[in-house]
Amino acid sequence: MVENLKDSSQLRIHMTSPERVFVPSVTEDNGNTIGLGVFSSEETAWRVLREFLKKSDMMALTRSDILIWEVDIIGDEAMTVLSSMHCRDCPVCKRRTFWVDLNSFSALCSGKACQAWIEESTFEPGKLDIGFPPTRFLKQTGSIEDAMSELHDVGTNLEAAGNTPNQGFTSIPEE
Ligand SMILES: [Zn+2]
């Protein structure tokens with residue numbers, strides 16, 4: 001995860017002192033918070049967090065956060081929450097890998113061979129687009145409840161067809 005820090009261009013960035021730092025972390029079921037590092041760019045913080053979330057089916061995680069801290073400022077005014085996501089059971093694969101961003105409503109399963117997603121439509125505000133890439137399933141719904149139940153149906157159909165989450169969906173061709 002930190003291999004890129006050995007890269008010389010990264011080292012140069014780290015030598016200048018940043019005015020703000022990006023701090024991704026995840027929280028486990030037992031309330032324990034795991035810090036994933038302190039980064040000088042938002043992009044790196046996201047990359048580190050996304051990489052870590054791929055492991056979420058092996059852990060019991062409840063949430064993730066990315067905080068921005070202004071350097072050399074005393075007190076919690078120096079801190080801004082950039083992103084908070086909650087982890088739920090995925091309606092398709094049933095693993096605890098469904099990351100829901102509550103600010104900009106969107107959700108994505110980080111489970112292997114699943115990647116079910118929900119996103120607010122960019123063309124029709126208020127509508128939600130949902131998808132399940134392995135079967136190229138795409139649909140639009142009007143509410144979060146409908147979106148979840150559509151995805152739940154996708155999961156039920158897959159189970160009926162004999163697929164279990166841990167097998168992946170190997171019979172379906174990938175892009
Ligand atoms: Zn899933």
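A residue is called buried if 20 or more other C-beta atoms lie within 10 Å of its own. The views below are taken from a predicted model.

**View 1. The buried residues of helix 3 in the predicted model.** Ala 147, Glu 150, Leu 151, Val 154 and Leu 158 are the buried residues of helix 3. Because they cover an arc of only 95 degrees around the axis, they lie on the same side of helix 3. These buried residues pack against strand 7, strand 8 (128-132) and strand 9 (137-141). On the other side of helix 3, the exposed residues are Glu 145, Thr 156 and Ala 160.

**View 2. Helix 3 from end to end.** Helix 3 comprises 17 residues, 144-160. From its first C-alpha to its last, helix 3 reaches 24 Å, close to the 24 Å expected at 1.5 Å a residue. Gly 162 follows helix 3 and has a positive phi, near 95 degrees.

**View 3. The largest nonpolar core.** This core contains 30 residues. Cys 90, Val 92, Trp 99, Cys 109, Ala 116 and Leu 151 have the most contacts inside the core. At least three of the core's residues come from each of domain 1 (1-87) and domain 2 (89-161). In soluble globular proteins, nonpolar side chains tend to be buried together.

**View 4. The surroundings of Cys 109.** Neighbours within four places in sequence are left aside here. The remaining contacts of Cys 109 are with Cys 90, Val 92, Cys 93, Thr 97, Phe 98, Cys 114, Gln 115 and Ala 116.

View 5. Most residues other than glycine have a negative phi. Lys 94 counts as partly exposed because it has 16 C-beta neighbours inside 10 Å. Ala 113 belongs to the loop between strand 6 (106-109) and strand 7 (117-120). With 17 other C-beta atoms within 10 Å, Ala 113 is partly exposed.

**View 6. Pro 134, a buried residue in a loop.** The loop that holds Pro 134 lies between strand 8 and strand 9. Pro 134 has 22 C-beta neighbours inside 10 Å and therefore counts as buried. Pro 134 and Ala 116 are separated by 18 residues in sequence, and their C-alpha atoms are 8.6 Å apart in space. Ala 116 is among the residues with the most contacts inside the largest nonpolar core.

Terms used:
Residues numbered from 1 in each chain as written. Predicted model: local features only at pLDDT ≥ 70, side-chain atom pairs only at ≥ 80, totals over all residues. Core = buried A, V, L, I, M, F, W, Y, C linked by C-beta atoms within 7 Å. Buried ≥ 20, exposed ≤ 12 C-beta atoms within 10 Å, placed from the backbone. Domains from an automatic or database assignment. Contact = placed C-beta atoms within 7 Å. Helix = DSSP H or I, 4+ residues; strand = E, 2+ residues; numbered from the N terminus. Expected span 1.5 Å × (residues − 1). Arc of directions from axis to C-beta.
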